[in-house]
Amino acid sequence: MKLATAIYTAALVLAPAIGLAQDSGLPPNNPNSTTFTFPLTVSPGARTCLPHASGTVIDHTFGNVENLEVIVSGLPPNTDFVLFVIQVPNAPFGLAWYNGDILTDDTGTGVINVVGRFNIGTFIVSLGALPSPDVFPAPPAVLANSKTGAVTNGPVQIYHLGVWFNTPDDAVKAGCPATATTFTSNHDAGIQVLNTATFPDAEGPLFNVP
């Protein structure tokens, strides 16, 4: 059994057990910890080419930090994808925060664990500063880095998740559109494949983690 598949199986077995323990009133090992499990569903632009794509997210909070475990399956094998926390699940996505890469194994299953703040307090704010260094100029990036130092009109809560192809070429190999987007570390990603659109735009799943 491949590592990603083993982790996927173990996580799905353990998550319900944790939930049952909490539902029964039994105290968890950490009295300040809670677990919230929610799905990732295939994005509109990938429904034709990746109809069986899906994911499960286990957000375990310890009171002052969260472990976000994202498990994806039904994707092309041995392919790199990228994870973002986003403001709304579908285009235009709003403000977004890059969290890392998910590499699938030869069964099309992949896992990432990220430690940080993934709860009702997750937000982005920009008060304006210096122009961003043009580390990844366009081209090959879809867009050049900001030349102004962006400003938001106050903090913006971001409660949704999205997963993108790391490159447009990988999307094409999977029979998906070749549309290039900014959603990877060098700002030249493919289309979104999974998101959390089963939750309302203004109250994504992270809203449910206290």
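Is T79 buried or exposed, and at what relative accessibility?

Modeller: The model is predicted. T79 has a relative accessibility of 9%, under the 20% limit, so T79 counts as buried. T79 sits in the loop that runs between β3 (66–73) and β4 (80–86). A polar atom of the T79 side chain lies 2.8 Å from the backbone oxygen of P77. Beyond the neighbours within four places in sequence, the contacts of T79 are I102, L103, T104, F165 and D170.

As for the rings, the structure contains 12 aromatic pairs. One of them joins F93 and W164, with 5.1 Å centre to centre and 75° between the planes, an edge-to-face arrangement. F93 belongs to the loop between β4 and β5 (96–103) and W164 to strand β9 (residues 160–165), so this pair ties together parts 71 residues apart in sequence. F93 is buried at 13% relative accessible area, and W164 is also buried, at 0%. The ring centres of Y159 and F207 are 5.5 Å apart with the planes at 65°, so this pair too is edge-to-face. Y159 is in the loop between β8 (156–157) and β9, while F207 is in the segment after β10 (192–195), so the pair ties together parts 48 residues apart in sequence. Y159 is buried, with 7% relative accessible area, whereas F207 is partly exposed at 29%. Returning to F93 and W164, ring pairs link these two with F84, Y98 and F183 into a cluster.

Methods. Residues are numbered from 1 along each chain as its sequence is written. This is a predicted model: local features need pLDDT of at least 70, side-chain atom pairs count only at pLDDT 80 or more; totals for chains, interfaces and linings use all residues. Side-chain values use heavy atoms; hydrogens and water are left out. Helices (H or I, at least four residues) and strands (E, at least two) are DSSP runs, numbered from the N terminus. Buried means under 20% relative accessible area, exposed over 50%, partly exposed in between (1.4 Å probe, protein chains only). A polar contact is a pair of N or O atoms within 3.5 Å; within protein, one must be able to donate a hydrogen and the other to accept it, and residues adjacent in sequence count only if both atoms are side-chain atoms. Contact means heavy atoms within 4.5 Å. Rings of Phe, Tyr and Trp (its six-membered ring) pair if their centres lie within 6.5 Å; planes under 30 degrees apart count as stacked, over 60 as edge-to-face and the rest as tilted.
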